[in-house]
Amino acid sequence: MTIIRVPKSWEIPEREVTPEAVFFNRRRFLKTLMGASLGASIMPILGCQQSEESKVTLSTSLDKAKLTSVKRNPAFTAVDRPITEETLAGRYNNYYEFGSGKSIWQAAQALPTEDWKVEVTGLVKNPRTYDLDDLQKKFPLEERIYRFRCVEAWSMAIPWIGFPMRELIAAVEPTSKAKFVRFTSYYDPKITIGPAWTLGRKLPWPYTEGLRLEEMANELAFFAVGVYGHSLPKQHGAPIREVIPWKYGFKGAKSIVKIEFVENQPATFWNTLVPNEYDFVANVNPTKPHPRWSQATEKFVGKGQKFSWEKRITLPYNGYGEYVASLYV
Ligand SMILES: Nc1nc2c(c(=O)[nH]1)N[C@H]1C(S)=C(S)[C@@H](COP(=O)(O)O)O[C@H]1N2
Ligand SMILES: [Mo]
């Protein structure tokens, strides 16, 4: 069955940062609709794509046996909502290196993840390049269910597998000069060709994000290498990505190749591109509207096998105030 539906205002994504971009995306949407009327089946947002399940390849050499034996951390299970269905979480993604739509999960399969290395560098006593084996040996993995809140006002609840960022801090020992950390995502213009728009600018690739060192040291800050009991699919940011559950989703860089400890607040992708809409701190805050939409409520994806959007009140710090509010007094 083909279901066609016009996106609601709360689905306006980061991509629609100017009136021109809005116009451009509407045109693309109309083109897609025309394609559908010729009989093609499109489901950019809604739909029954379970039959495509087999196309999702597990992306990395992470030891499968180890991942299936990972224990859930009991401190991070009690979410006030169901876990989002895996097929929904894996079919509604933001990964602008592979396009500006939500249905980029197939395009993201072009990400080459073989022989992945993560360079940890900058103001640290023990700089080191880790491969996935090293990471798995060095950092015991656990599962944590975290609420996930995109700045576009949609949310999910996701069972990540990974390890706390503070474990990496302990291993590399930042010097007293290190005040911030910067994460850099994989970038190769031949592969990560980006969205169709550029806003008349050169987009500030590679995708970068950053945290204050104390934020990184908070017990919630997490590196994910897996999700739903297996290694990360490419569209979720294989083989390793950040998960910062009290901040908007864009703070969580995917497919990390470099982690740098630095003295000053680093430039980041969205903050460089549209500073008045995407700030560096970007804590989930229902009382601070985005310039173009309210953040007071969100649409939660989680009930059942098909996309259905449940309106929910957005919580300060995405419900993690008891862990992080003291960082911001
Ligand atoms: N490298 C990179 N990381 C990224 C993005 C991106 O476009 N590129 N999008 C961000 C945004 S806006 C969100 S909401 C989350 C989405 O993560 P998910 O697709 O795994 O749910 O990834 C974040 N990390
Ligand atoms: Mo996002």
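**Close-up views of a predicted model**

**View 1. Strand S2 and its parallel partner.** S2 and strand S11 (residues 256–262) pair in the parallel sense over four bridges; strands here are DSSP runs of E, at least two residues long, numbered from the N terminus, and two of them pair if DSSP finds at least two bridges between them. Look for Val-120, which stands opposite Ile-259 in S11. This is a predicted model, where local features need pLDDT of at least 70, side-chain atom pairs count only at pLDDT 80 or more, and totals for chains, interfaces and linings use all residues. Residues are numbered from 1 along each chain as its sequence is written, chains are lettered from A and ligands numbered from 1 in the order in which they are written, and side-chain values use heavy atoms, leaving out hydrogens and water.

View 2. Strand S2 (residues 117–122) runs antiparallel to strand S3 (residues 128–131), with four bridges joining them. Lys-117 has Asp-131 of S3 opposite it.

View 3. The side chain of Asn-93 places an N or O atom 2.9 Å from an oxygen atom of ligand 1. For Asn-94, a backbone N or O atom lies 3.4 Å from a ligand oxygen atom, while a polar backbone atom of Gly-252 is 2.8 Å from a nitrogen atom of ligand 1.

Methods. Polar contact = N/O pair within 3.5 Å; in protein donor to acceptor, adjacent residues only side chain to side chain.
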